[in-house]
Amino acid sequence: MSAETTHSVLPATADEAAHDGSEVHEVSDKQYVVIALILAVLTALEVAATEVGLGSFLIPALLIMMAVKFFIVVSYFMHLKHDSGLFKFSFYVGLGGALVLYSVMLATFHFFIS
């Protein structure tokens with residue numbers, strides 16, 4: 001076997017990938033810590049919102065925070081940020097469908113009527 005046939009097609013390091021023009025999508029440990037802190041703050045805000053009692057703004061505020069957290073989790077922890085557009089579309093349609101379904105169910109049970 002020659003050296004040419006045993007060489008890997010994929011770059012072994014990020015430096016090799018940078019030199020051959022292919023993209024490397026890595027999230028650093030520091031970025032993961034920042035993302036975790038953002039998610040923790042959003043979770044704390046959700047809990048605080050339920051304790052404070054925002055009245056008719058509670059459900060929309062919680063839905064917005066839920067959507068932001070969903071976007072962050074699927075973008076970074078599920079690596080959707082660097083994935084195919086078809087997969088991104090599928091996840092975001094699912095998110096939109098969940099928001100619509102939840103809103104319709106709340107409206108059906110007259111939750112929004114004060």
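How do the axes of α4 and α5 cross, and within what distance do they come? They come within 11 Å and cross at roughly 160°. The legends below start from the whole chain and then turn to single views.

**Figure 1. Overview of the predicted chain.** This is a predicted model, in which local features need pLDDT of at least 70, side-chain atom pairs count only at pLDDT 80 or more, and totals for chains, interfaces and linings use all residues. Residues are numbered from 1 along each chain as its sequence is written, and side-chain values use heavy atoms, with hydrogens and water left out. The chain has five helices and zero strands; helices (H or I, at least four residues) and strands (E, at least two) are DSSP runs, numbered from the N terminus. Of the 114 residues in the chain, 17% are buried. Buried means under 20% relative accessible area, exposed means over 50%, and partly exposed lies in between (1.4 Å probe, protein chains only). Among contacts in the chain with a separation of 6 or more, 46% are between residues 24 or more positions apart; contact means heavy atoms within 4.5 Å.

**Figure 2. Helices α4 and α5.** Two packed helices are described by the angle between their axes and the distance between the axes. Axes are lines fitted to C-alpha atoms, for helices over the stretch in contact, and angles run from 0 to 180 degrees between N-to-C directions. With a crossing angle of roughly 160°, α4 and α5 are therefore roughly antiparallel to each other. Angles under 35 degrees count as roughly parallel, over 145 as roughly antiparallel, 65 to 115 as roughly perpendicular and the rest as oblique. The crossing of α4 past α5 is right-handed; a crossing is right-handed if the near helix is turned clockwise from the far one by less than a right angle, and left-handed if anticlockwise. Residues making the contact include F70, F71 and S75 of α4 and Y92, L95 and L99 of α5.

Figure 3. S75, in helix α4, is buried, with a relative accessible area of 6%. A polar atom of the S75 side chain lies 2.7 Å from the backbone oxygen of F71. Apart from its neighbours within four places in sequence, S75 is in contact with L80, K81 and Y92. S90, in helix α5 (residues 85-108), is partly exposed at 42% relative accessible area. The S90 side chain reaches the backbone oxygen of L86 at 3.0 Å.

**Figure 4. Helices α3 and α4.** The axes of α3 and α4 come within 10 Å and cross at roughly 165°. That makes α3 roughly antiparallel to α4. This crossing is left-handed. Among the residues making the contact are Y32, L39 and E46 of α3 and M65, K69 and F77 of α4. The side chains of K69 and E46 are joined by a polar contact of 3.0 Å (a pair of N or O atoms within 3.5 Å; within protein, one must be able to donate a hydrogen and the other to accept it, and residues adjacent in sequence count only if both atoms are side-chain atoms). Not counting residues up to four places away in sequence, K69 touches L39, L42, T43 and E46.

**Figure 5. The aromatic pair of Y32 and F77.** Three aromatic pairs are found in a search of the whole structure. Y32 and F77 form a stacked pair, 5.5 Å centre to centre with 20° between the planes. Y32 lies in helix α3 (residues 29-52) and F77 in helix α4 (residues 58-77), so the pair ties together parts that are 45 residues apart in sequence. Rings of Phe, Tyr and Trp (its six-membered ring) pair if their centres lie within 6.5 Å; planes under 30 degrees apart count as stacked, over 60 as edge-to-face and the rest as tilted. Y32 is partly exposed at 25% relative accessibility, and F77 is partly exposed with a relative accessible area of 39%.
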